[in-house]
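Hello,

Here is the structure I promised to pass on. Have a look at it first, and my notes follow below.

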Amino acid sequence: MPGTLLDLEPLWMARVDDYMMEASQLTVADLSNRKTREAQYNQRPIDEILTEFRNARSRLVSRVEKIAPALFARVSLHPRLKTPMRLVDHLYFVAEHDDHHLAHVWELISAG
């Protein structure tokens, strides 16, 4: 799961760029999860993956912290949900997505 979160960081950053460039629609996600399958995360140390995720997320947060407050209300269409989304809504969407995966990780840890 941490690998999946890491793989999505470029998408989240691209979508922040979409808001900054006033794109009418957000960057489309690769729903096939090809990148995650090809990365073979089970062959890599978890600490390495988590460090990469932490660094990537830090870059995203740093970028968002520098955005003018008015931009958080800017709207763009989410390509899969076909719903208009403000930047603040998109960031909440990212947090909810992370929470979903992290809850699953905790279930796996608790069961083991």
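Helices (H or I, at least four residues) and strands (E, at least two) are DSSP runs here, numbered from the N terminus. This is a predicted model, in which local features need pLDDT of at least 70 and side-chain atom pairs count only at pLDDT 80 or more, while totals for chains, interfaces and linings use all residues. Residues are numbered from 1 along each chain as its sequence is written, and side-chain values use heavy atoms, with hydrogens and water left out.

Let me start with Thr4, which sits in helix 1 (residues 2-20). Thr4 counts as buried because its relative accessibility is 18%; buried means under 20% relative accessible area, exposed over 50%, and partly exposed in between (1.4 Å probe, protein chains only). Setting aside neighbours within four places in sequence, Thr4 has Thr36 and His101 in contact, where contact means heavy atoms within 4.5 Å.

Helix 1 itself is largely enclosed by the rest of the structure, since 14 of its 19 residues are buried. The end C-alpha atoms of helix 1 are 27 Å apart, in agreement with the 27 Å that 19 residues should span at 1.5 Å a residue (the expected span is 1.5 Å times one less than the number of residues). There is a bend of about 30 degrees at Leu8, with a proline, Pro10, following within four residues; the bend is the angle between axes fitted to the seven residues ending at a residue and the seven starting there. After helix 1 comes Glu22, with a positive phi near 60 degrees.

Next, the largest pocket. It holds about 490 Å³ of space, and 21 residues line it, with Leu8, Leu11, Ala29, Asp30 and Leu31 nearest its centre. (On a 1 Å grid over the protein atoms alone, a pocket is an open set of points where a 1.4 Å probe fits, with protein on both sides within 12 Å along at least five of seven lines; lining residues have an atom within 4 Å of a point. The volume is the space filled by probe spheres set on the points, which are joined across faces, edges and corners.) Helix 1 gives the largest share of the lining, seven residues.

Finally, helix 4: its 25 residues reach 36 Å from first C-alpha to last, close to the 36 Å expected at 1.5 Å a residue. Its buried residues are Leu87, His90, Val94, Asp98 and His101, and they pack against helix 1, helix 3 (46-65) and strand 2 (83-86).

Best wishes
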